[in-house]
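I opened this structure to look up how some of its strands pair and what its chains share. My notes follow.

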Amino acid sequence: MTGALVRLRGPLKQLAGGGEHELAGATVKELLQTLEQAKPQLDGWILDERDRIRRHINVFVNGERGDENTPVADGDRIDVLPAISGGSA
Amino acid sequence: MTELLVGTKKGLFVLEGEGDEFAVTARQFAGEPVEYAMRDPHSGRYFAAMISPFYGPKLFFADDPRGEWHQAAGLALPEEGDASLERLWTLVADDDGTLYAGGDPGVLFSSRDGGESWALNRALWEHPTRPQWQPGGGGLCLHSIVPTPGTPGRLALGISAVGIWLTDDAGETWRHGNQGIRPRYLPDDAPKDTITLCIHNLKRAPKQPDRLFMQFHGGVYRSDDGAESWTYIGDGLPSDFGFPLVVDPADPDSAYVIPLKADMDRVTPEGHVRVYETRDAGASWEPRGDGLPAEHAYLTILRQAFDATGEGEGLELYFGATSGDVFGSPDAGGSWFPAAVRLPPVYSVRVA
């Protein structure tokens, strides 16, 4: 694999036209910015206008919780998931 | 046939009906909060502001609310700043076809292409008083945008808790319109020119555009000079706290409010749901509750959950509550009927 694998679910998967995206970048933020450029319909859904991951979205790198600045390498798996903190009755 | 757009905590509901018979005919954005939905009277296009706790506020538009919705562009704050758009509270059409959207943190957007793309109003965003702006309980919300019939670009805004803002040049420049407002939540010796003013709602009388009515955080007010200054008109109401406000377009002396007991107890007073009507510019108020729940009914009616269509004796009124009930009146408040029951908590009601 060249690059990291970003995996999306739910409405993000629908917007992106697929759940798995192989992307190049040195950090989570770079990967997500690249994803937004490739899939402009995702603009603003994961990163806000300050390029911060939205408060109630969690990003995991190889199963460990990460943030915008978490380094990534070729072959890493990045899962983008709604956080349980965002839901309420 | 009347079509209602009901924004709820769990999606947009479309209701259709006539007289006192209404039915739900569509649900969109299932599971997502829809803060506000409206239909542009110029283009006929429908808009819905979805406020996802996960993905942030998004505005969608559609030519048919039962069909495909498209996301609007440009509703974001400057990338170089330290703030993000938190919420979209309202959308309003001006006479020249310009659309305005208000949101949190106290921001105004405009669109001149029918709502497909939007631009931030920089004059308000960069206003020198902004560092002093304080949010209300619902955030720093720009919830009321009031154009002037026949004079496009002459707007009055209500922002919680930053008072009334006026422009005569489509938002190039802004000035305050706060004279006469007395906030009871500030000390008596607070500066008279404070802008920490928690406006709850603002409406203009179309046939007398310099007359406006305003629901304040404790107080109902009237302006006769285009929202430059205000006169208290809350005497005669069971409570002068509340959020919703509508006017009868045919009668500049008319206004309807739905009082809640108090800011610390935001339910209909005495468990009795009543709309209050004035026909003498606030000199007196009459309850209009025939057909509304009258016992152990502790409802909360939110800011955008009250609307009207028609005028005079044919004025139709509709409001929804966080209980999930929607009520309608076909005769200017004379009688009421349930238009829908057991919906999710109602955030907004607009006649399409």
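I count two strands as paired if DSSP finds at least two bridges between them. The model I am reading is predicted.

Entry one, a hairpin in chain B. I looked up strand S5 (residues 46–52) of chain B and found seven bridges joining it to S6(B), with the two running antiparallel. I noted B:Ser52 opposite B:Gly56 in S6(B). S5(B) and S6(B) make a hairpin, and three residues lie between them.

Entry two, the other pairing of S6(B) that I looked up. I found S6(B) joined to strand S7 (residues 70–71) of chain B by two bridges, again antiparallel. B:Phe60 has B:Gln71 in S7(B) as its bridge partner. I then checked burial: six of the seven residues of strand S6 (residues 56–62) of chain B are buried, so the strand is largely enclosed by the rest of the structure.

I read four strands of chain B in the order S16-S17-S18-S19, with antiparallel pairing. Strand S16 (199–204) and strand S19 (231–232) of chain B each have a single partner strand, so each has one side without a neighbour in the sheet. I followed strand S18 (residues 219–223) of chain B to S19(B) and found two bridges in the antiparallel sense. B:Arg222 has B:Thr231 in S19(B) as its bridge partner.

How many residues does each chain give to the contact? I found nine from chain B and 11 from chain A.

How values were computed. Residues are numbered from 1 along each chain as its sequence is written. Chains are lettered from A and ligands numbered from 1 in the order in which they are written. This is a predicted model: local features need pLDDT of at least 70, side-chain atom pairs count only at pLDDT 80 or more; totals for chains, interfaces and linings use all residues. Two residues are in contact if their C-beta atoms, placed from the backbone, lie within 7 Å. A residue is buried if 20 or more other C-beta atoms lie within 10 Å of its own, exposed if 12 or fewer, and partly exposed in between; C-beta atoms are placed from the backbone.
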